Amino acid sequence: MDTHTLQAFVAVAESSSFSRAASQLFLTQSAISKRIAQLEEQLDSKLFDRIGRQINLTEAGKALLPRANQILLQLDDAKRAISNLSGEVTGTLSLAASHHISLHRLPPVLRAFNQHYPKVKLDLRFEESEVAYEGVLKGDLELALITLAPSPDKNIESETVWKDRLCYMVARTHPLAARERVSLAELTDYHAILPDQNTFTRQLVQALFARHRLNLNVSMSTNYLDTIRMMVSIGLGWSLLPANLIGNDLQVLQVEEESVERELGIIYHRDRTLSNAARHLVEMLRQQSEAPV
């Protein structure tokens, strides 16, 4: 058994497709099939059921998948640990950042990092926080800059970089705009525009309303905060948005109950050895002010 056969197995298992796995690994489909056949012969077990165009893991395949992932992660970790000994800050740094952080927080940090460490190739992906979180958990990403999970997995190490105060906002033409103070109960009488239910930000908002035994009246959902801001600005509903999105076209409501604050920061896998590049980027991020912007 070698890493090439394990890589092929994991790629097929996670994509449920020999052709997509071949594309991911820059191989021909026949080469992928040959590697899977070799692995099945070595283990004396069938790893996939092929029914028509459907590819499904057998019980043996399901047992192998987490172990194969662990072996590949440990090998990558060993390579990084040895590479780190040189002290050089080079290589590829795979990271993801949420759309809001990418637009409003990250640019000055990346500019400074690129100036200090020009030999590092940034493999930067713009993802929803929850997608980036899973990427770190699975080992596909070294770092992620996201809205931190309210209840993180025990394998995730997280560090807060920024505190993001969320403000209740409506259009200046909204019926609530003229009110001096508003209660959470009164907000439920009007349409809300919020991120999807599976997002960490939505979980924070839902938890607040649940503590007061209130149900949100959500009319529309999108995970792009700038899109939510636009819909709020034309009077389609109220929302909770970061303070740095306040503008002349929006009215901030004074709500009687407690405010909502989310934490934005870095996450990485607890068992992963960070590359020199990742460690230097983490250090630069730690130096960022935690004051709300």
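**Figure 1. Packing of helix α1 against helix α2.** Helix α1 (residues 3-15) packs with helix α2 (residues 18-25) at an angle of about 130 degrees, and their axes are 8 Å apart. The two helices are therefore oblique to each other. The crossing of α1 and α2 is right-handed. On the α1 side, the contact is made by Gln7, Ala8, Ala11, Val12 and Ser15, while α2 contributes Phe18, Arg20, Ala21, Gln24 and Leu25. By class, this contact of α1 with α2 has 6 nonpolar, 3 polar and 1 charged residues. The model shown here and in the legends that follow is a predicted one.

**Figure 2. Packing of helix α1 against helix α3.** Two packed helices are described by the angle between their axes and the distance between the axes. For α1 and helix α3 (residues 29-43), the angle is about 110 degrees and the axes are 9 Å apart. This arrangement makes α1 roughly perpendicular to α3. The residues of α1 in the contact are His4, Thr5, Leu6, Ala8, Phe9 and Val12, and those of α3 are Ile32, Arg35, Ile36, Gln38 and Leu39. The contact of α1 with α3 divides into 7 nonpolar, 3 polar and 1 charged residues.

**Figure 3. Aromatic pair of phenylalanine 18 and phenylalanine 48.** The structure holds 6 aromatic pairs. One of them is formed by phenylalanine 18 and phenylalanine 48, an edge-to-face pair with 6.1 Å centre to centre and 65 degrees between the planes. Phenylalanine 18 belongs to helix α2 and phenylalanine 48 to strand β1 (residues 48-51), so that the pair links distant parts of the chain, 30 residues apart. Phenylalanine 18 and phenylalanine 48 are both buried. Together with Phe9, the residues Phe18 and Phe48 form one aromatic cluster.

**Figure 4. Aromatic pair of tyrosine 168 and tryptophan 238.** Both tyrosine 168 and tryptophan 238 are buried. The ring centres of tyrosine 168 and tryptophan 238 lie 6.1 Å apart and the ring planes stand at 40 degrees, so the pair is tilted. Tyrosine 168 is located in strand β6 (residues 156-171), whereas tryptophan 238 is in the loop between α10 (225-233) and β9 (239-242); the pair therefore ties together parts that are 70 residues apart in sequence.

**Figure 5. Buried residues of helix α7.** In helix α7 (residues 129-138), the buried residues are Ser129, Glu130, Ala132, Tyr133, Gly135 and Val136. These buried residues of α7 pack against β3 (91-97), β5 (143-147), β6, α9 (200-211) and β11 (260-269). Glycine 139 follows α7 and has a positive phi, near 95 degrees.

**Figure 6. Surroundings of serine 183.** Serine 183 is situated in the loop between β6 and α8 (184-187). Its relative accessibility is 11%, and serine 183 therefore counts as buried, the limit being under 20%. When residues up to four places away in sequence are not counted, serine 183 touches Val255, Glu256 and Glu257.

**Figure 7. Two loop residues with positive phi.** Most residues other than glycine have a negative phi. Serine 16 is not a glycine, yet its phi is positive, about 55 degrees. Serine 16 is found in the loop between α1 and α2. With a relative accessible area of 35%, serine 16 is partly exposed, because that class lies between the limits of 20% and 50%. Arginine 213, which is not a glycine either, has a positive phi of about 55 degrees. Arginine 213 lies in the loop between α9 and β8 (218-221).

**Figure 8. The chain as the setting of the close-up views.** The secondary structure of the chain comes to 11 helices and 11 strands. Taken along the principal axes, the C-alpha atoms of the chain fill a box of roughly 75 × 50 × 30 Å. The chain has 293 residues, of which 44% count as buried. Among the contacts in the chain with a separation of 6 or more, 74% are accounted for by residues 24 or more positions apart.

Notes: Residues are numbered from 1 along each chain as its sequence is written. This is a predicted model: local features need pLDDT of at least 70, side-chain atom pairs count only at pLDDT 80 or more; totals for chains, interfaces and linings use all residues. Side-chain values use heavy atoms; hydrogens and water are left out. Axes are lines fitted to C-alpha atoms, for helices over the stretch in contact, and angles run from 0 to 180 degrees between N-to-C directions. Helices (H or I, at least four residues) and strands (E, at least two) are DSSP runs, numbered from the N terminus. Angles under 35 degrees count as roughly parallel, over 145 as roughly antiparallel, 65 to 115 as roughly perpendicular and the rest as oblique. A crossing is left-handed if the near helix is turned anticlockwise from the far one by less than a right angle, and right-handed if clockwise. Contact means heavy atoms within 4.5 Å. Ala, Val, Leu, Ile, Met, Phe, Trp, Tyr, Cys and Pro count as nonpolar, Asp, Glu, Lys and Arg as charged, and the others, Gly among them, as polar. Rings of Phe, Tyr and Trp (its six-membered ring) pair if their centres lie within 6.5 Å; planes under 30 degrees apart count as stacked, over 60 as edge-to-face and the rest as tilted. Buried means under 20% relative accessible area, exposed over 50%, partly exposed in between (1.4 Å probe, protein chains only).
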